[in-house]
Amino acid sequence: MNRHSLILAGLLMSLAVNLLIAGYFIGNHRGARPEPPPMAWATEQLSPETQRRLRGQMRAQLSEVRPLREDMRKAQVAVRKAVAAEDYDPQVLALALEKSREVSERYQALIHKNLVEVSAELPKDQRIALARAALQRGQSAKMPPRPPENVR
């Protein structure tokens, strides 16, 4: 190989490596949102300083929350599949709904435990605001319903 070919090969290799590195960083920083901590939505009425502190505490619980969120997602998919099945079986739907309730109860218990832990150091007014947001969320129409997904 002559000198010109070596320089061209080196430049192409450098360009390829730079594109790979840029793609990695762009993909990791722009494409995926960080997973929200449990109950982050309940802190919206609190001061920014309190929000940051509580979200840090809540973020520490993500290792507990992730498996429950995944179980909830799987349970919802199972319910949708059971409802839309060509060979509909009411027993399959009943079992899928039972599993969905069981997972939902475990998730709710974790949220309640989280509420107790993070509100321990709050003044009364902020404790009330946090509890109100956390406990009314499931009962209010504040959060729009999730649009139906196609059965996979």
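Is K113 buried or exposed, or does K113 fall in between? With a relative accessible area of 35%, K113 is partly exposed, where buried means under 20% relative accessible area, exposed means over 50%, and partly exposed lies in between (1.4 Å probe, protein chains only).

This is a predicted model, in which local features need pLDDT of at least 70 and side-chain atom pairs count only at pLDDT 80 or more, while totals for chains, interfaces and linings use all residues. Residues are numbered from 1 along each chain as its sequence is written, and side-chain values use heavy atoms, with hydrogens and water left out.

Side chains of opposite charge can pair when their charged atoms come close. Taking a salt bridge as a side-chain nitrogen of Lys or Arg within 4 Å of a carboxyl oxygen of Asp or Glu, the count comes to five. Three of them, including their closest N to O distances, are tabulated here.

| Salt bridge | Closest N to O distance |
|---|---|
| K113 and E64 | 3.2 Å |
| D71 and R106 | 3.2 Å |

E64 is partly exposed at 37%.

D71 pairs with R106, again linking distant parts of the chain, with D71 in helix α3 and R106 in helix α4, 35 residues apart. E102 and K99 are three residues apart in helix α4 and are therefore separated by about one helical turn. Salt bridges that share partners join D71, K99, E102 and R106 into one network.

Notes:
Helices (H or I, at least four residues) and strands (E, at least two) are DSSP runs, numbered from the N terminus.
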